[in-house]
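Reader: Hi, I'm new to this one. Can you walk me through it?

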Amino acid sequence: RLLARELTVPERRVARQTYDRFVELYGDDTAQARRLLEVGESSFDAALPVTESAAWTMLSSQLMNLDEVLNK
C-alpha cells in the first residue's frame, strides 16, 4: 500500500536483509532500541518485543522515505 504496488522479489529480499541487520544491531544494544521507541507522541507497547519493534520502525522509516513514496 505504501508504494501503491507489491514489492518485487529483489525488493523483498533487500527489505528482509535490512530488517535482519536491524534485528542484529538492536539485539546487541537493546538500550538503543528502547531509546528509538521512546521517540514520538505514542507510547511504545511494552508487551511487544523491543528488538523487532525497533527493526520494523527503522525499516518502515526507510520505505517511507523512498522517492517513489514521496513523489507518487
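Author: Here is a quick tour, from the overall fold to the charged pairs. This is a predicted model, where local features need pLDDT of at least 70, side-chain atom pairs count only at pLDDT 80 or more, and totals for chains, interfaces and linings use all residues. Residues are numbered from 1 along each chain as its sequence is written, and side-chain values use heavy atoms, with hydrogens and water left out.

Reader: How many helices and strands are in the protein?

Author: Four helices and zero strands. Helices (H or I, at least four residues) and strands (E, at least two) are DSSP runs, numbered from the N terminus. The order is α-α-α-α.

Reader: What does the C-alpha trace span?

Author: About 35 × 25 × 20 Å along its principal axes.

Reader: And how much of the protein counts as buried?

Author: Of its 72 residues, 21%. Buried means under 20% relative accessible area, exposed over 50%, and partly exposed in between (1.4 Å probe, protein chains only).

Reader: Okay, helix α3. Which of its residues are buried?

Author: Val50, Thr51, Ser53, Ala54, Ala55 and Leu59. They pack against α1 (9–28) and α2 (30–37).

Reader: What span should α3 have?

Author: Its 15 residues, 50–64, should span 21 Å at 1.5 Å a residue. The expected span is 1.5 Å times one less than the number of residues. The end C-alpha atoms are 21 Å apart, which agrees.

Reader: Now Thr18. Buried or exposed?

Author: Thr18 is buried, because its relative accessible area is 12%. Thr18 lies in helix α1.

Reader: What does Thr18 touch?

Author: Leu59 and Gln62, leaving aside residues up to four places away in sequence. Contact means heavy atoms within 4.5 Å.

Reader: Switching to charges. How many salt bridges does the structure hold?

Author: Four. A salt bridge is a side-chain nitrogen of Lys or Arg within 4 Å of a carboxyl oxygen of Asp or Glu.

Reader: Which residue does Glu11 pair with?

Author: Arg5, with the closest N and O atoms 2.9 Å apart. Glu11 is partly exposed at 29%, and Arg5 is partly exposed at 31%.

Reader: What about Arg16?

Author: Arg16 meets Asp20 in a salt bridge, 3.1 Å from N to O. Being four residues apart in helix α1, Arg16 and Asp20 are separated by about one helical turn. Elsewhere, salt bridges that share partners join Arg5, Glu11 and Glu68 into one network.

Reader: And Arg12?

Author: Arg12 forms a salt bridge with Glu6, the closest N and O atoms being 2.9 Å apart. Arg12 is partly exposed at 45%, whereas Glu6 is exposed at 60%.
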